[in-house]
Amino acid sequence: MKKLVAVTGCPTGIAHTYMAAESLSRAAEKLGVSIKVETRGASGVENRLTQEEIREAHAVILSSDVDAEEDRFQGKTVIRSSLGDAIKNAERLIEEALSKPSSSYEEQVKAVKQEREQKRSGPYKHLMNGVSFMIPLVVAGGLIIALSFTFGIHAAEVEGSLAANLMKIGGESAFALMVPVLAGFIAYSIADKAGLAPGLVGGMLASSTGSGFLGGIVAGFLAGYVAKWMKEKIRLPKSLEGLKPILLIPFLATLIVGLLMIYVIGAPVKGVMDSLTAWLQSLGTANAALMGLLLGAMMAFDMGGPVNKAAYTFGVGLLGNEIYGPMAAVMAAGMTPPLGLWLATRIARRKFTWEEREAGKAAGILGLSFITEGAIPFAAADPLRVIPSIVVGSAVTGALAMGLGCTLRAPHGGIFVLPIPHAVGNLAGFLLAIAAGTVVTALLVSLLKKNVVAQEVGDGDQ
């Protein structure tokens, strides 16, 4: 049964809001359609729609003359009407909503990602702001470094050569900006423009003192909260207030953060970073596989949520320290969930509705592009069976990737970075890890899911 959701509301909210809701509910019952109607009347919002109900709905009927928080319907098919039309022609509205194509699979994925971004708050929001600005630098730098290797693994050592200049662009410039930009935009998220200068300088000092991306994270939060405190606490005469954001706060906050990074924070964080680097470089096959297993499971656990982003940030941050194994495990494991679900829709067709089988094609493309969120609609529809399956599959992929010694110099791109020479170390092992995890995911999903009811099976199964 297709599901619909609706919102009715008018400025007075006494009669028409509820008359329209009642008319839509009766018409839906007559047509054998499931509908939930949120009313926005004199008593406020009643029968509020949940994100899950909106996500599962085929379409939305919007009959409201007041604010209906339309942002939450992004990616959904929306039928707009007046309240009078909803009261008099409810059946026609419902038939129109049912006749419209549902939102595409890509739109559903995009809507979930936007929903998650809107829910970010506190330190996690600030960290992800810094990471989002850092990633383009890491992607560009990593790919340009990989291009320099097309001339030979040691070609960049020849002064003045094209390979050397590519390394200068990618490694000495793009990668050099990675930690300062991370720190600067963490601070910017916390304190707005006032945090940018001390954050960038703190990040630069983190790089120069050898504390790496961990030092950059510390510098970003320190700069942000110092600048924010100054914005709130420093009071100047109105005639001098304009100097505070462009002179006083950048000067004092940068001075404080800089001195703390040099004399207090830099050395201890450098010690932690050096120990982490040495430990990762010394990992044997078994321990590397265990780390890959953990990173892989994290990538699939919430498919783009905080746990996924923690694993991804860990892998990206280590690229600046020339540790490339975790990034290989992270990207391979992030590709596996959508690919596994695509394969499951091919080999166990009767476990999925026609719409899900069509969505599986889009999921496969998203998986090849390293967009883990492509698995979200499947997981949202059947979390108890899908999530354990994709976690196990991605854990297998991560363990194999690191156990086989795979490396990756680019933090994004999916299969599109594979043709670049030396971008992936042990390419055969990398592809094997993805294939193995995809098959494990598909088999587990196929075993755990139940057959769909007969009337939902499309003609293609006959």
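Q: What share of the 462 residues in the chain is made up of buried residues, and what makes a residue count as buried?
A: In this predicted model, buried residues account for 51% of the 462 residues in the chain, where buried means under 20% relative accessible area. The chain exposes about 20900 Å², and carbon and sulfur atoms supply 63% of that area. Along its principal axes, the C-alpha trace spans about 75 × 70 × 35 Å, and the secondary structure comes to 17 helices and seven strands.

Q: Why is Thr-313 called buried?
A: Thr-313 has a relative accessibility of 8%, and the cut-off for buried is under 20%, so Thr-313 counts as buried. Thr-313 lies in helix 12, residues 306–319, and, once residues up to four places away in sequence are set aside, Thr-313 touches Met-128, Val-131 and Phe-213.

Q: Why is the pair of Phe-352 and Phe-378 called edge-to-face?
A: By the rule that ring centres must lie within 6.5 Å, the count comes to five aromatic pairs. The ring centres of Phe-352 and Phe-378 are 6.2 Å apart and the ring planes stand at 80 degrees, so this pair is edge-to-face, given that planes over 60 degrees apart are classed that way. The pair links distant parts of the chain, with Phe-352 in the loop between helix 13 (325–347) and helix 14 (354–368), and Phe-378 in helix 15 (residues 376–381), 26 residues apart. Both Phe-352 and Phe-378 are buried. Elsewhere, Phe-133, Phe-185 and Tyr-188 form one aromatic cluster.

Q: Among contacts in the chain between residues at least 6 apart in sequence, what percentage joins residues at least 24 apart?
A: Of these contacts, 73% join residues at least 24 apart in sequence, a contact being heavy atoms within 4.5 Å.

Q: Why is Asn-47 called partly exposed?
A: The relative accessibility of Asn-47 is 44%, and partly exposed covers values between the buried limit of 20% and the exposed limit of 50%, so Asn-47 counts as partly exposed. Asn-47 sits in the loop between strand 3 (44–46) and helix 2 (51–56), and the phi of Asn-47 is near 60 degrees, a positive value in a residue other than glycine. Most residues other than glycine have a negative phi.

Q: Why does Glu-69 count as partly exposed?
A: Glu-69 has a relative accessible area of 32%, which falls between the limits of 20% and 50%, so Glu-69 is partly exposed. Glu-69 belongs to the loop between strand 4 (59–64) and strand 5 (78–80), and has a positive phi of about 55 degrees although Glu-69 is not a glycine.

Q: Which residues make the nonpolar surface patch of about 650 Å²?
A: The patch is made by Phe-251, Leu-255, Leu-259, Ile-262, Tyr-263 and Val-264, and patch residues must have over 30% relative accessible area. Phe-251 lies in helix 10, residues 243–281.

Q: Where does UniProt place the feature "transmembrane region", and how much of residues 427–448 is helix?
A: The unreviewed UniProt entry places this feature at residues 133–153, 174–191, 203–226, 246–266, 278–301, 386–406 and 427–448. Over residues 427–448 the model is 100% helix and 0% strand, with the end C-alpha atoms 32 Å apart. Residues 278–301 are 88% helix and 0% strand, and the end C-alpha atoms of this span lie 28 Å apart.

Technical notes. Residues are numbered from 1 along each chain as its sequence is written. This is a predicted model: local features need pLDDT of at least 70, side-chain atom pairs count only at pLDDT 80 or more; totals for chains, interfaces and linings use all residues. Side-chain values use heavy atoms; hydrogens and water are left out. UniProt positions are given in the numbering used here, feature names are shortened, and annotations may be inferred rather than shown by experiment. Helices (H or I, at least four residues) and strands (E, at least two) are DSSP runs, numbered from the N terminus. Patches are made of residues with over 30% relative accessible area and no salt bridge: like charges are joined within 9 Å, nonpolar side chains (Val, Leu, Ile, Met, Phe, Trp, Tyr) within 5 Å. Accessible areas come from the Shrake-Rupley method with a 1.4 Å probe; for residues, only the protein chains shown count as cover. A salt bridge is a side-chain nitrogen of Lys or Arg within 4 Å of a carboxyl oxygen of Asp or Glu. Rings of Phe, Tyr and Trp (its six-membered ring) pair if their centres lie within 6.5 Å; planes under 30 degrees apart count as stacked, over 60 as edge-to-face and the rest as tilted. Buried means under 20% relative accessible area, exposed over 50%, partly exposed in between (1.4 Å probe, protein chains only).
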